[in-house]
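Take a look at the structure below. This short report walks through a few of its local features.

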Amino acid sequence: ESLIKANRPDQLEAAIAQVRARFCKDADALKDLALLLNRSDYFKEALDVARQGLALDPDHPLLHHNAARALSIRGDPASSRHHGEEATRLLPDVPQLKFQLAGTLLALGEFDEGWRRYRAFHDIPENAKDLVRPPYPEWSGQSVEGCRFLMVGEQGRGDEIQCLRFADWLHRQGAIVDVLVSRPVAELARSMKSISTVHVHLPSVHYDFWSYMLRMPGHMKLDLTMLPGRVPYVCPPPQSVIHWRKILEAVSPRIAGERRVGIVWAGSPYHVLDRFRSVELGNMKPIFSLPGLTWFSVQKGERERETESLGVDFDVYTLGPQIEDFSDTLAILHSLDLLITVDTSVAHLAGAAGLPVWTLVPAYTEWRWLTDRTDSPWYPSMRLFRQRDLGDWTAVIEEVRDALCEWSETPHSRTS
């Protein structure tokens, strides 16, 4: 562990070999080593150690779990599935193991079993303590016709935006639908005709049913044939679109033949896997240098000013500090021809609005993007650019650059 913390890979390989040799007959010790390596992002080594331990004890649930996690993070959900299933078979009452398997199954398109196991998210103690639990009956799939229904947002802002679509489904079933969402998403939710009232705090009125947003798919029996539903399902206030169009024209007047592209290169640093999905801005320079493109950063958060230093060398403008909420961002996107973004909330925003968006997807298995696809059943206007090797964005950026060259030569102002 001290070598990992000291970042001494030259000595770490030998140290791992020594520990593996010393404990070559101790499956529990190998489990501890695999766990340490997984937590330290040495996923290949963690997988090797887990497999060594499983050769000793094929029914060790936590060795299976560590193998499943390493394979999943490295982008191999098909191989991860077996180990995840074994872990949950051997320890059926551990919600963390069921939730790990749920993500793998959903990524593989196994929606029925995946949604059933996804319920385990809400049973994980560290998650449950932070969740709102309204004092009304929790929906379990029964008829909602004529019922007042509260759909409760959870997890990240992107999850909320993705799941707002379920309000349309409830509305078609005859429910009166209210939502409880985070403040940045509230204005978006208010743009939906299927939503009656939007709350940012738990309301005091009574409801017949409530549900967490990410429990909805299981009770709806959601499968790929039901996607995407009605898209677009969010829109910005018209006056906001006019306001931001004037700002963009003042910043950089549009010229004939020019393409305007939005850029987001980082998600929330508090996301547990953000180090794999966010990109160093410097890696984007090969696409910023392309002719005929004007770039507008709609990045928010701690890194929103990073593009300011690029204005000397590239046609890049920084809008993040002026953006107040997702409605502002969406209004800006309506004046752009394309958004290029990492896997974060703005990708969902553009997709939910039916606007052209190219999403850079890391190698690790994020369930909503499935596997081996360049499109998304959730968002018809989205194109996916997939990382092949965890942590290596070079090939992805080259692929995006080639696609931009081809796109910029087409006569259409927008494309997915």
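The sections below cover a helix pair, a phenylalanine and a pair of strands.

## The model

This is a predicted model. Keep that in mind as you read.

## Two packed helices

Two packed helices are described by the angle between their axes and the distance between the axes. Take helix α5, residues 61-73, and helix α7, residues 95-107. They pack at an angle of about 35°. Their axes are 11 Å apart. The crossing of α5 past α7 is left-handed.

Which residues of α5 and α7 make the contact? Helix α5 supplies H65, A68, R69 and S72. Helix α7 supplies L97, Q100 and T104. Sorted by class, the contact of α5 with α7 has 2 nonpolar, 4 polar and 1 charged residues.

## Phenylalanine 326

F326 lies in helix α17, which covers residues 326-333. Is F326 buried or exposed? Its relative accessibility is 10%, and buried means under 20%, so F326 counts as buried.

What does F326 touch, leaving aside residues up to four places away in sequence? The list is R157, I161, P184, V185, L188, S345 and L349. Look at S345 in particular. F326 and S345 are 19 residues apart along the chain. Their C-alpha atoms are separated by 9.2 Å.

## A pair of strands

Strand β9 spans residues 357-361. It pairs with β10 in the parallel sense, over 5 bridges.

Strand β10 runs over residues 382-386 and is mostly covered. Of its 5 residues, 4 are buried.

Technical notes: Residues numbered from 1 in each chain as written. Predicted model: local features only at pLDDT ≥ 70, side-chain atom pairs only at ≥ 80, totals over all residues. Heavy atoms only, no water. Axes fitted to C-alpha atoms, helices over the stretch in contact; angles between N-to-C directions. Helix = DSSP H or I, 4+ residues; strand = E, 2+ residues; numbered from the N terminus. Left-handed = near helix turned anticlockwise from the far one by under 90°. Contact = heavy atoms within 4.5 Å. Nonpolar A, V, L, I, M, F, W, Y, C, P; charged D, E, K, R; others polar. Buried < 20%, exposed > 50% of the residue type's maximum accessible area, 1.4 Å probe, protein only. Pairing = 2+ DSSP bridges.
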